[in-house]
Amino acid sequence: MTPTAIRTALTVEDVTLTYPDGASRLTAVDHVNLQVSGGTVAAITGPSGSGKSSLLAVISTLIRPDSGRILLETDTGTVDLASLSRAEGAALRRESIGIVFQQPNLIPALTAVEQLEVMSHLGQSLLTSRAARRETHTRAMELLDAVGLADHHAKRPAQLSGGQRQRVNIARALMNTPALLVIDEPTSALDSERGAAIIDLILDIVRTHNAATLLVTHDRTHLHRMTTVHRMLDGHLTPERLIARTA
Ligand code: ADP
Ligand code: MG
């Protein structure tokens with residue numbers, strides 16, 4: 001670690017989430033505990049419907065849990081993600097959380113570099129200086145370069161392959177240099193070779209950006225490369241492997 005490295009950690013404590021289900025409630029996340037340090041990846045695997053995406057939605061502040069705490073510790077202090085208001089959650093997502101969903105969700109009318117730039121402009125006023133815009137453009141181009149797409153920066157989603165779109169998606173999630181990176185099945189729409197390239201990219205990025213990363217995948221071929229592996233079943237999360245294995 002360099003002396004400037006930021007100490008980041010995510011601690012999920014006894015988190016439960018239920019959804020309304022007719023007259024009763026369905027428990028999607030059932031008293032889950034989890035710890036993820038900066039620069040490491042916790043993989044979450046498990047069958048469809050077991051609660052993986054619900055857990056990620058709670059951790060990324062998109063849904064507030066019924067109970068439990070989700071502590072995100074960074075150099076600026078510790079926040080409980082489970083207790084934020086909607087506005088606080090939105091602000092924190094903009095500043096500190098990178099989210100990558102299964103489907104890239106890119107804006108059809110924007111070029112690859114604009115997909116990234118728009119992330120920075122979201123939190124800024126219309127009077128943002130030309131210098132700040134230039135800085136945003138430079139960072140967007142650097143990230144596209146990091147995911148191997150510098151030459152494609154002027155293309156719109158329809159002109160990119162599925163793998164390229166997913167790489168734009170990942171680069172976009174890194175625009176705010178997130179302390180916490182939350183990724184849901186990034187390879188599910190890709191063939192195995194492109195899927196492996198996306199996993200390489202994620203692992204490389206996690207190390208260089210020191211983000212605490214959660215990665216949902218049901219592709220077991222990549223699990224040996226993750227720092228820890230957890231299994232979700234009926235809302236319960238159990239550790240499968242808690243010690244990093246050297247790949
Ligand atoms: P996974 O990502 O592992 O496939 P999900 O978190 O999507 O699992 O779903 C867990 C359970 O919660 C499932 O039974 C699913 O039907 C239910 N569920 C997911 N989202 C909602 C929602 N918005 N409202 C009600 N039930 C939901
Ligand atoms: Mg899911």
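Which strands does helix α2 (residues 86-96) lie across? Select α2: this helix lies across β6 and β7, and runs at about 85 degrees to β6. Angles like this run from 0 to 180 degrees between N-to-C directions, with axes as lines fitted to C-alpha atoms, for helices over the stretch in contact. Helices (H or I, at least four residues) and strands (E, at least two) are DSSP runs, numbered from the N terminus.

Before you go on, note that this is a predicted model, where local features need pLDDT of at least 70, side-chain atom pairs count only at pLDDT 80 or more, and totals for chains, interfaces and linings use all residues. Residues are numbered from 1 along each chain as its sequence is written, chains are lettered from A and ligands numbered from 1 in the order in which they are written, and side-chain values use heavy atoms, with hydrogens and water left out.

**Stop 1: the six-stranded sheet**

Select β6, β7, β8, β3, β9 and β10. They form an open sheet in that order, with mixed pairing. Two strands pair if DSSP finds at least two bridges between them. From one strand to the next, the twist averages 20 degrees.

Now zoom in on β7 (residues 180-184) and β8 (residues 212-216). These two pair in the parallel sense, over five bridges. Pick Ile183: its bridge partner in β8 is Leu215.

**Stop 2: the four-stranded sheet**

Next, select β2, β1, β4 and β5. This is an open sheet in that order, and its pairing is antiparallel. The edge strands β2 and β5 (77-80) each have a single partner strand, so one side of each has no neighbour in the sheet. Neighbouring strands here are turned by 20 degrees against each other on average, direction ignored.

Look at β1 (residues 9-21) beside β2. They pair in the antiparallel sense over 10 bridges. Thr11 stands opposite Gln35 in β2. Then find the hairpin of β1 and β2, with two residues between the strands: Gly22 takes a positive phi near 60 degrees there.

**Stop 3: helix α1**

Which strands of the four-stranded sheet does α1 touch? It packs on that sheet and touches β1, β2 and β4 (67-74), and its direction makes about 120 degrees with that of β1. The helix also lies across β3 (41-45), β7, β8, β9 (228-233) and β10. To β7 it runs at about 155 degrees.

Why is α1 largely enclosed by the rest of the structure? Seven of the eight residues of this helix (residues 52-59) are buried, so the rest of the structure largely encloses it. Buried means under 20% relative accessible area, exposed over 50%, and partly exposed in between (1.4 Å probe, protein chains only). Select the buried ones: Lys52, Ser54, Leu55, Leu56, Ala57, Val58 and Ile59. Step just past α1 to Thr61, which takes a positive phi of about 70 degrees.

**Stop 4: a pair of helices**

Two packed helices are described by the angle and the distance between their axes. Select α5 (residues 162-173) and α6 (residues 192-209). Their axes come within 10 Å and cross at roughly 15 degrees. The two helices are therefore roughly parallel. (Angles under 35 degrees count as roughly parallel, over 145 as roughly antiparallel, 65 to 115 as roughly perpendicular and the rest as oblique.)

Show the side chains. The contact (heavy atoms within 4.5 Å) involves Gly163, Gln166, Arg167 and Ile170 of α5, and Arg194, Ile198, Leu201, Ile202 and Ile205 of α6. By class, there are five nonpolar, two polar and two charged residues. Ala, Val, Leu, Ile, Met, Phe, Trp, Tyr, Cys and Pro count as nonpolar, Asp, Glu, Lys and Arg as charged, and the others, Gly among them, as polar.

Stay in α5 and pick Asn169. Asn169 is buried, with a relative accessible area of 2%. Leaving aside neighbours within four places in sequence, Asn169 is in contact with Val100, Phe101, Gln103, Pro104 and Leu106.

**Stop 5**

Most residues other than glycine have a negative phi. Select His31 in strand β2 (residues 24-37). His31 is not a glycine, yet has a positive phi of about 50 degrees. His31 is partly exposed, with a relative accessible area of 46%.

Last, go to Asn210, in the loop between α6 and β8. Its phi is positive too, about 60 degrees, and Asn210 is not a glycine. Buried or exposed? Asn210 counts as buried, at 16% relative accessibility.
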